[in-house]
Amino acid sequence: QHSWTDGAVQDGLGDGGEELEVDRELGRAAEDVGSVREAERGAAAVWEEEAIRAHVRAVAEQRSLAVTEDAVGNMLVKVPGNAKAKPVLIQGHLDMVTEKNSDVDHDFDEQGIELSVENGFLTSAKKTTLGADNGIGVATALALLEDADYESRPPLELLFTIDEERGLVGARFLDAETLGITARTLLNLDTEEWESIYCGCSGGGDSVFSFPVVASSEESPAGAATYRLRLTGCTGGHSGVDIDKGRCNAVEALAGLVKSLLSSSSDVSLVEICGGDKRNAIPREAEAILRTTMANFEEAVQAYFDAEIKAKVEKTDPFVALAVTTEDNGYRSKPSLQNADALINLLAKDGLTRGVVKFSEAIPGLVETSSNLASAKPLDESRYEIVCSTRSSVSTELERIRDGLAASVKAAGGSVTLRSEAYKGWNPNMKSPVLNLTKQKYAQLTGGDPHIKAIHAGLECGLLIAKVSDDLDCVSFGPTIFDAHTPDERLQIDTVKPFYDLVKQVLLALAAQAS
């Protein structure tokens, strides 16, 4: 067994940096700035993931296996095999999403994940993310080293990429020549439904906006009370694969409540609002600080929550809750925002494109294009940062939505801080030799046929094809993981062995083709 918990990493967006106005004609300049900043994040991620990188290196060196690394920290371990067979690339990513509930005391930089087995699932004992995404892929690759019967398998090239969760940074800056990748068949071990084999994925890109705020010069009215509104218990989830489930976006929902209060009474003012954390997760929690002289303020807040939030999401977010408390600390003297309406209008429903934009016409039920309002937070007393993550399998649609987001923010008075270069999708190839071989071995192993799917999320396959070779033949599969990117993440234990058996059966079949 190989632990991936030592490599728990801090997953955040990093510091803002200099602003750059992005018009359509400046798109190339924006992409260049985005690429530089993403490369800088990749360099930072190497240090955040150094513990698990050191573990991989040590395991390889114990077996006298060659390890190569590129400039951003991706690693390749070459494993000998049947010399007549063509090498096979097996890939997983070393990082994880670090999510926890706000009342959980856990430092991802210093502490590993405390594991627990509950009702047939491996989960975190402390209500943090588990890291099975993609720790199980890394563990599987390392477990293959325990099998000494190398001659029955093809030569293996075990690829461990860094910083996948913040925009596939490792794959985007991968140097295939430096790593020494020669394989033209790829098994990507980073999907989360055992019954499904994936043959395509969406592309995507992040947009980071800066919104200026102005402190009101007016003194608080006599008798005004300061309240903290805290929305918690939203289900959240992956901003790609869960975007079509209708789950509550905590930032949008709380902004809608604040918008209703501001529009219905001049006796309410906004001091601060914040929520969300990771770019690839649907926000689960949000907070707002409001000041008011309304006598029935708490009743009005509760009435809106009951009718407009709880009643509308009770099936998708059964544990959503709103706490209203009076604020006695420094917020009592902090001025309210003079231009709160403009900020709240952006964050509330219909302010920024959010959720499913379009479903695929080719594959029923597959989301083609979507966008996620990932986070909003004050950076200092004069500006807010708003982060959106957009995905699409159609590159023109992806950029159209990102153009629209930028236009909305600029019309409201904000600017674009970062528009990262979009990462490439992976177009399905139903004639793929490795896809059809994996389907055959799955059927032999289980007695049933797998579902063949594309995923509305960013797998690294599309980028690896671009970096390694247009002829790279790819397939992606994995054991079942529920609620990835949330503290409810859990790995279904009884799917792990058949998943691992399938990996070995595919490798045996690929080696047999050489004889």
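The numbered points below comment on a predicted model of a protein chain, taking its confidence before its local features.

1. Confidence. The protein chain averages a pLDDT of 89, and 90% of the residues score at least 70. Residues 1-44 call for caution, for there pLDDT stays under 50, although the model has 103 contacts beyond four places in sequence for that stretch. Where pLDDT is low, the predicted coordinates should not be read in detail.

2. Helix 6. This helix covers residues 250-264, and at 1.5 Å a residue its 15 residues should span 21 Å, which agrees with the 21 Å that separates its end C-alpha atoms. Because 11 of its 15 residues are buried, helix 6 is largely enclosed by the rest of the structure. The buried residues are A250, V251, E252, A253, L254, A255, G256, L257 and V258, together with L261 and L262. At the start of the helix, a side-chain oxygen of N249 comes to within 3.1 Å of the backbone nitrogen of V251.

3. Helix 3. With 11 of its 12 residues buried, helix 3 (residues 132-143) is likewise described as largely enclosed by the rest of the structure. Its buried residues are A132, D133, N134, G135, I136, G137, V138, A139, T140, A141 and L142.

4. Aromatic pairs. The model holds four aromatic pairs. In one of them, the ring centres of W194 and Y442 lie 4.9 Å apart with the planes at 45°, so the pair is tilted, the angle falling between the cut-offs of 30 and 60 degrees. W194 belongs to the loop between strand 7 (185-188) and strand 8 (196-201), whereas Y442 belongs to helix 10 (residues 433-446), so the pair ties together parts that are 248 residues apart in sequence. Both partners lie under the 20% limit for burial, W194 with a relative accessible area of 9% and Y442 with 6%.

5. A second pair. The rings of F477 and F499 have their centres 5.9 Å apart and their planes at 70°, so this pair is edge-to-face. The pair links F477, in the loop between strand 19 (473-476) and strand 20 (481-482), with F499 in helix 12 (residues 496-512), 22 residues apart. F477 and F499 are both buried.

6. Around T486 and R490. T486 sits in the loop between strand 20 and strand 21 (490-492), and its relative accessible area of 1% makes it buried. Leaving aside residues up to four places away in sequence, T486 touches T128, T129, T235, G236, G237 and R284. R490, for its part, lies over the face of F121, at 5.6 Å from the ring centre.

7. D277. This residue is found in the loop between strand 11 (268-275) and strand 12 (286-292), and at 43% relative accessibility D277 counts as partly exposed. Beyond four places in sequence, D277 touches T98, E99, A374 and S375. The side chains of D277 and K278 are joined by a polar contact of 2.2 Å.

How values were computed. Residues are numbered from 1 along each chain as its sequence is written. This is a predicted model: local features need pLDDT of at least 70, side-chain atom pairs count only at pLDDT 80 or more; totals for chains, interfaces and linings use all residues. Side-chain values use heavy atoms; hydrogens and water are left out. Helices (H or I, at least four residues) and strands (E, at least two) are DSSP runs, numbered from the N terminus. The expected span of a helix is 1.5 Å times one less than its number of residues. Buried means under 20% relative accessible area, exposed over 50%, partly exposed in between (1.4 Å probe, protein chains only). A polar contact is a pair of N or O atoms within 3.5 Å; within protein, one must be able to donate a hydrogen and the other to accept it, and residues adjacent in sequence count only if both atoms are side-chain atoms. pLDDT is the predictor's confidence in each residue, from 0 to 100. Contact means heavy atoms within 4.5 Å. Rings of Phe, Tyr and Trp (its six-membered ring) pair if their centres lie within 6.5 Å; planes under 30 degrees apart count as stacked, over 60 as edge-to-face and the rest as tilted. A charge sits over a ring if NZ of Lys or CZ of Arg is within 6 Å of the ring centre and within 35 degrees of the ring normal.
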